[in-house]
Structures are given as structure tokens and as C-alpha cells.
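This briefing presents the structure shown below, topic by topic. It is intended to be read alongside the sequence and the model.

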Amino acid sequence: MVKYPPPKPLLATDMPVRSRARKPRDPAQPNLPFDPMPARIEPCLALTKAKPPKGPDWVFEIKWDGYRLAVHIEPRGVRVITRGGHDWTHRFPAIAVAAKQLGVATAILDGEAVVLDELGRPSFGLLQQSLGGRGGKRTSGEALFMAFDLLYFDGHDLTEMELSGRRHLLEGLVAGKEGDIRLSEEVEADGDQLLAAACEHDLEGIIAKNRHSTYRSGRLGDWLKIKCLQSDSFVIIGYEQSMVARAGIGSLLLAARKGDGLVYVGNVGTGFKESVAWELRSMLDRLTAKKPPVEYKDRSKGIVWVQPTLIAEIEYRAWTHDGKLRHSSYKGLREVQDNAAIYEIE
């Protein structure tokens, strides 16, 4: 029988075997992401259209009436970022807590913070009240986050993925949850019928999205919004005094952008309750101006002009032939952090 020599040690040394000293791992980042997580992604915005699009490429959602937010879930914690890039985590603590409970290491959710009324409809006015009004410092315990897109997930940048793929991952993360983060349901239906149903239930409108589109920042037409009533942001340039109206405000005078300046587009005298009117009056009286900030031909007395600083969200039916708002109603003041765009007349 052949005898084989005993095996030699792999390392002929009496010294203990040790690998090179390694840099301690940062416990705050247990997983190395495949794609660097962006600090912020500019949101994709919906282009306004009069009618819903046709064809199999389009899917629909309800249009939520609230504040656009991005929820960043990171190894070090959660950040809630406004459309304008401001950190509002402290204003929506319940949403931040719910994000921590989703069970994912890293993610960026795109969606809308809303407060629902007693019939389950989103109310911009109730959302503002929950935050203490424009410039308020209150935290909202009533706001829900309706998630409608997923931009980053578990170390992967999803912005180059088609919407259908992003939605599939989002539904796996959020679907079925009834807490402070919920899924904005996608509806495959005839756009005209869905719009009619939304209007019948006094909703603001619907959103149409191209199912094959990647996530592109800006208002490029991949997403469309079709409203039951028009709702846009206008700057307040003054108010008409009244001896009988709440807080002495008969109506607010409004302006839109045109080129490099502002142009008068009419007034609004409905939509604000007495408590809101007094709060608004207090803000307006700190902004009074001697001259109108726009060209104004009406010689009516009792108008108090103000600096064009406050931005109001106004609901209206249509425009008159001379460029004024028809059947307008005040919905509330927009926050600076919400980065609301003043309506622009081409």
C-alpha cells in the first residue's frame, strides 16, 4: 500500500493568522446601496387638460387636495420634504412614525398629505386648519399620506423604471395598510366616466398617468390633471372693505402673473368663515400699501391695497371674456414651503 506524506499546513508560520485590520462599519448604514440615495428629487407635476385622455396607455387616480410631499426613509431616520424642498418632518409626526413602520431600509415615496372630511373626501381647508393656517406652527395629527409613486427602494433608484413597475413595488410596500400612510388606488377605467363619478362625489378631479412613463421632474405631460372645478393659486393684492362682512372683508382682490408683472383677475367674496377672515385680516393689515401693485381702472372707494405677498388657492368655474374669474370661492392660503406657482396668463 502506498503511504502518502502528511499534509503540510497552508501557512508555514508559528504566528497567529490575522487578516488586515478593517475599518469599523457604520451601524447607521447597515446596507451599502447599489445606487446613491438622492437628497431630494424634484417632483413630476401634472399638466392641466380639459378632458381625460383616451387609450390603453393611460391609468387614472383620484386627485388629492392637499400638500405634495416626499417621504424619505433612510438608515438614520425619516424625512418629510415639501414640494419646495423644506423639511416638514416636525409638522407631520404621525406620517413619519408610519414610514418607520413600513419595514424597508431605504425608500422615497411620492404622495400627498390630506385631511379627510366626515364623508371621506380630502379637504384643503381642513388640512390648513390642522397645521394652524398659513405660517402656523402646529403639527398635524389628522393628516394622512396618500402614496402614489415610489422613486427609490431598498438601494435602487426607480426613476428610470416605467410607472407600471414602480406601482407594482409601491403596492407591495403600502397596499392594504389603513394607518397614516395609504395607497392612492390606481383605476383602470374610462376617463370620462371616472371624471363624472369624481365630480358627482364633490371631488376635485382625477389624474391621468402614462403607464409606460419614467419619472421625469417638471410638467412634461406624462401626468395630466382633469378637474371638476378649476382651482389655482393667485396672489392677493388688496381687499374691499365692508361694514357688514366678517372681519370687514367684503372681497379679496386677486392677480395672476403675466410676463414679468401681475395683472388683476377679479375678486373673491365667498369661502372664508369668520375665524379664517379675522386671521386673514390680521395678516393683510400688516402688508398695506399706498398704491395698487397692478393696473386697476375701477375707481371704487374702500379698497385697501396690500403688498403682493400672500398666495390664495381659489376655486372657480371659468373665465369671463375680459379675463376675470367666474364663480370664484376662497379655499385657503398656500404655504411658502409648498412652492405654489401663481397662475400664469400666457
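The model is predicted, and the chain averages a pLDDT of 87.

**Confidence of the model**

- A pLDDT of at least 70 is reached by 88% of the residues.
- Residues 7–22 have a pLDDT below 50, and this stretch has 1 contact in the model beyond near neighbours in sequence.

- Strand β2 pairs with strand β9 (residues 205–210) in the antiparallel sense, over 5 bridges.
- Within this pairing, V59 lies opposite K209 of β9.

**The disulfide**

- The model contains 1 disulfide, formed by C199 and C228.
- The sulfur atoms of C199 and C228 are 2.1 Å apart, which is why the two cysteines count as a disulfide under the cut-off of 2.5 Å.
- The link of C199 and C228 is left-handed, with -100 degrees about the S-S bond.
- Distant parts of the chain are joined by this pair: C199 belongs to helix α4, whereas C228 belongs to the loop between β10 and β11 (230–241), and the two are 29 residues apart.
- C199 counts as partly exposed because its relative accessibility is 31%.
- C228 likewise counts as partly exposed, with a relative accessibility of 23%.
- Another cysteine, C44, has a relative accessibility of 2% and therefore counts as buried.

- Strand β11 is mostly covered, with 9 of its 12 residues buried.
- Strands pair through backbone hydrogen bonds, in either the parallel or the antiparallel sense.
- With strand β16 (residues 311–316), β11 pairs in the antiparallel sense over 6 bridges; the bridge partner of Q230 in β16 is Y316.
- Strand β12 (residues 249–258) runs antiparallel to β11 and is joined to it by 6 bridges; here V235 stands opposite A255 of β12.
- Strand β15 (residues 303–306) is also antiparallel to β11, and 3 bridges join the two; G238 stands opposite W305 of β15.

**E313 in strand β16**

- E313 is located in strand β16.
- The relative accessible area of E313 is 6%, so this residue is buried.
- Leaving aside residues up to four places away in sequence, E313 touches a set of residues that includes F124, S231, D232 and S233.
- Among the other residues that E313 touches are S329, Y330, K331, G332 and R334.

**Aromatic pairs**

- The model holds 13 aromatic pairs.
- F272 and Y330 form one that is edge-to-face, with 5.2 Å from centre to centre and 75 degrees between the planes.
- This pair also links distant parts of the chain: F272 is in the loop between β13 (261–268) and α5 (274–285), Y330 is in strand β19 (residues 329–333), and they are 58 residues apart.
- F272 and Y330 are both buried.
- Y296 and W305 make an edge-to-face pair because their ring planes stand at 75 degrees, with the ring centres 5.0 Å apart.
- Y296 is buried, with a relative accessible area of 17%.

Methods: Residues are numbered from 1 along each chain as its sequence is written. This is a predicted model: local features need pLDDT of at least 70, side-chain atom pairs count only at pLDDT 80 or more; totals for chains, interfaces and linings use all residues. Side-chain values use heavy atoms; hydrogens and water are left out. pLDDT is the predictor's confidence in each residue, from 0 to 100. Contact means heavy atoms within 4.5 Å. Two strands pair if DSSP finds at least two bridges between them. Helices (H or I, at least four residues) and strands (E, at least two) are DSSP runs, numbered from the N terminus. Buried means under 20% relative accessible area, exposed over 50%, partly exposed in between (1.4 Å probe, protein chains only). Rings of Phe, Tyr and Trp (its six-membered ring) pair if their centres lie within 6.5 Å; planes under 30 degrees apart count as stacked, over 60 as edge-to-face and the rest as tilted.
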